[in-house]
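Open the model in your viewer and keep the selection panel at hand. The stops below go from one selection to the next.

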Amino acid sequence: MLTADDKKIIAQLWEKVAGHQDEFGNEALQRMFVTYPQTKTYFPHFDLHPGSEQVRSHGKKVAAALGNAVKSLDNISQALSELSNLHAYNLRVDPANFKLLSQCFQVVLAVHLGKDYTPEMHAAFDKFLSAVAAVLAEKYR
Ligand code: HEM
C-alpha cells in the first residue's frame, strides 16, 4: 500500500526520470537479459544483442507504461489493466520475472541518478514497482 508520502516521492523521482525515460527502459532491459539470461526465453523473436533497435523500442514501451502508472498512483490496477491481461493470458510471463526487471530498473536509476536516488526514493520506488508487479500478476489466478 503506497502512503501519501510514497506517492509524493515517486512523482518527484519520475520528474528526474523524464527526459531519460526511453534510455532507462532500454538499459533496464539490456541489464535484465545479461544478468538474468533466462528472461530471454520470452523474447525468441527479438534481436537481443547490445544496441538492438527492437530492445530499444521495447524499453520505450515499458518505460511509458511505468510513467503511465506513476500518473495513476491511486489506481495502478486500472491504468495497467490491458497490460495485465497481456502478460497473464497471452505472454504467460512467470511473475517471478517482474522482480528481476524491477531490480534492473533500480540499478539503472542508481547508476544514472547517483546520490539523487536517495534511500527514501529507493524505498518508495521499490514499493511502486512491487505494486506494478502485483497488478501485472493479478490475472494469473
Ligand atoms: C515492470 C514490469 C513490466 C512492464 C511495465 C511491462 C510492460 C510491457 C509493455 C508496455 C509491453 C508492450 C505491450 C504492447 O505492445 O501493447 C510489454 C510486452 C511484453 N512483455 Fe512486458 N512488462 C514488464 C515486465 C515483463 C517481464 C519481466 C517480461 C519477461 C521476462 C516481459 C515480457 C514481455 C513480452 C515477451 C512482451 C511482448 C513483446 C513483443 O513481442 O513486442 N514483460 N510489456
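In which helix is H87 found? Select residues 81-91: this is helix α5, and H87 is found in it. Bear in mind throughout that the model is predicted.

The NE2 atom of H87 is at 2.1 Å from the iron atom of the ligand.

Next, select helix α6, residues 96-113, together with helix α7, residues 119-137. Their axes come within 10 Å and cross at roughly 150 degrees. Angles over 145 degrees count as roughly antiparallel, so α6 is roughly antiparallel to α7. The crossing of α6 past α7 is right-handed.

Now show the side chains where these two helices meet. On α6, pick F98, S102, F105, Q106 and L109. On α7, the residues that make the contact are H122, F125, D126, L129, A133, L136 and A137. Coloured by class, the residues of this contact of α6 with α7 divide into 8 nonpolar, 3 polar and 1 charged.

The structure holds 6 aromatic pairs. For one of them, select W14 with F105: the ring centres are 6.4 Å apart and the planes are at 15 degrees, so the pair is stacked. W14 lies in helix α1, residues 4-17, and F105 in helix α6, so the pair ties together parts that are 91 residues apart in sequence.

Definitions and conventions. Residues are numbered from 1 along each chain as its sequence is written. This is a predicted model: local features need pLDDT of at least 70, side-chain atom pairs count only at pLDDT 80 or more; totals for chains, interfaces and linings use all residues. Side-chain values use heavy atoms; hydrogens and water are left out. Donors are N, O and S atoms within 2.8 Å of the metal (3.2 Å for Na, K and Ca); water is not among the atoms, so sites may look incomplete. Helices (H or I, at least four residues) and strands (E, at least two) are DSSP runs, numbered from the N terminus. Axes are lines fitted to C-alpha atoms, for helices over the stretch in contact, and angles run from 0 to 180 degrees between N-to-C directions. Angles under 35 degrees count as roughly parallel, over 145 as roughly antiparallel, 65 to 115 as roughly perpendicular and the rest as oblique. A crossing is left-handed if the near helix is turned anticlockwise from the far one by less than a right angle, and right-handed if clockwise. Contact means heavy atoms within 4.5 Å. Ala, Val, Leu, Ile, Met, Phe, Trp, Tyr, Cys and Pro count as nonpolar, Asp, Glu, Lys and Arg as charged, and the others, Gly among them, as polar. Rings of Phe, Tyr and Trp (its six-membered ring) pair if their centres lie within 6.5 Å; planes under 30 degrees apart count as stacked, over 60 as edge-to-face and the rest as tilted.
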